[in-house]
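Hello,

Here is the structure for you to look through. My notes follow below it.

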Amino acid sequence: MRFLWLTTQCPFHNLATEAYLLQNSDEDIFMLWQNANSIIIGRHQNTLAEINREYVEEHNITVARRLTGGGAVFHDLGNLNFSFFADEREYDIRRQLGVVARALAAFGVRAEVTASKRVAYY
């Protein structure tokens, strides 16, 4: 499995990298990344319904849309994001999250995998 750690904190760059790899890579990849203050909107969401536009503009928060579905989330440098890229037939969320849990354990952080089924979010 290839490991990528993106050093940019630009949500547009990071989301574009994720989209590119999803659409163009046949490798198994584990990617770590962080975004500066930003709200990341899911593929099918109405941006204006998800954000407080006045607050976002007042606090200079970047708003970006990701390729995948799901809800709106706030990112800042206090969270670490990860993405797995693998053949859909071989992707197993318990196995992939086990990688994360073991890495956290190496830093003394207890993590538990509770997902129970195969999922794909593209």
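Which element gives the most to the lining of the second largest pocket? It is α4, with three residues.

Two ground rules first. This is a predicted model, in which local features need pLDDT of at least 70, side-chain atom pairs count only at pLDDT 80 or more, and totals for chains, interfaces and linings use all residues. Residues are numbered from 1 along each chain as its sequence is written, and side-chain values use heavy atoms, leaving out hydrogens and water.

The pocket. W5, F30, L32, L80, F82, V100, A103, L104 and F107 line the second largest pocket. Two or more lining residues come from each of β2 (29-33) and α4 (93-106). By class, the lining has nine nonpolar, no polar and no charged residues.

The aromatics. F82 and F84 pair edge-to-face, because their ring centres are 5.9 Å apart and their planes stand at 75° (pairs need centres within 6.5 Å; planes under 30 degrees apart are stacked, over 60 edge-to-face, the rest tilted). F3, W5, F30, F82 and F84 form one aromatic cluster. F84 is buried, at 13% relative accessible area, while F82 is partly exposed, at 35% (buried is under 20%, exposed over 50%, partly exposed in between, with a 1.4 Å probe and protein chains only).

The histidine. H75 lies in strand β5 (residues 73-75). H75 is buried too, with a relative accessible area of 7%. Beyond four places away in sequence, H75 touches residues including W33, I40 and N81 (heavy atoms within 4.5 Å).

Best wishes

Notes
Helices (H or I, at least four residues) and strands (E, at least two) are DSSP runs, numbered from the N terminus. Rings of Phe, Tyr and Trp (its six-membered ring) pair if their centres lie within 6.5 Å; planes under 30 degrees apart count as stacked, over 60 as edge-to-face and the rest as tilted. On a 1 Å grid over the protein atoms alone, a cavity is a set of points where a 1.4 Å probe fits but cannot get out, and a pocket is an open set with protein on both sides within 12 Å along at least five of seven lines; lining residues have an atom within 4 Å of a point. Ala, Val, Leu, Ile, Met, Phe, Trp, Tyr, Cys and Pro count as nonpolar, Asp, Glu, Lys and Arg as charged, and the others, Gly among them, as polar.
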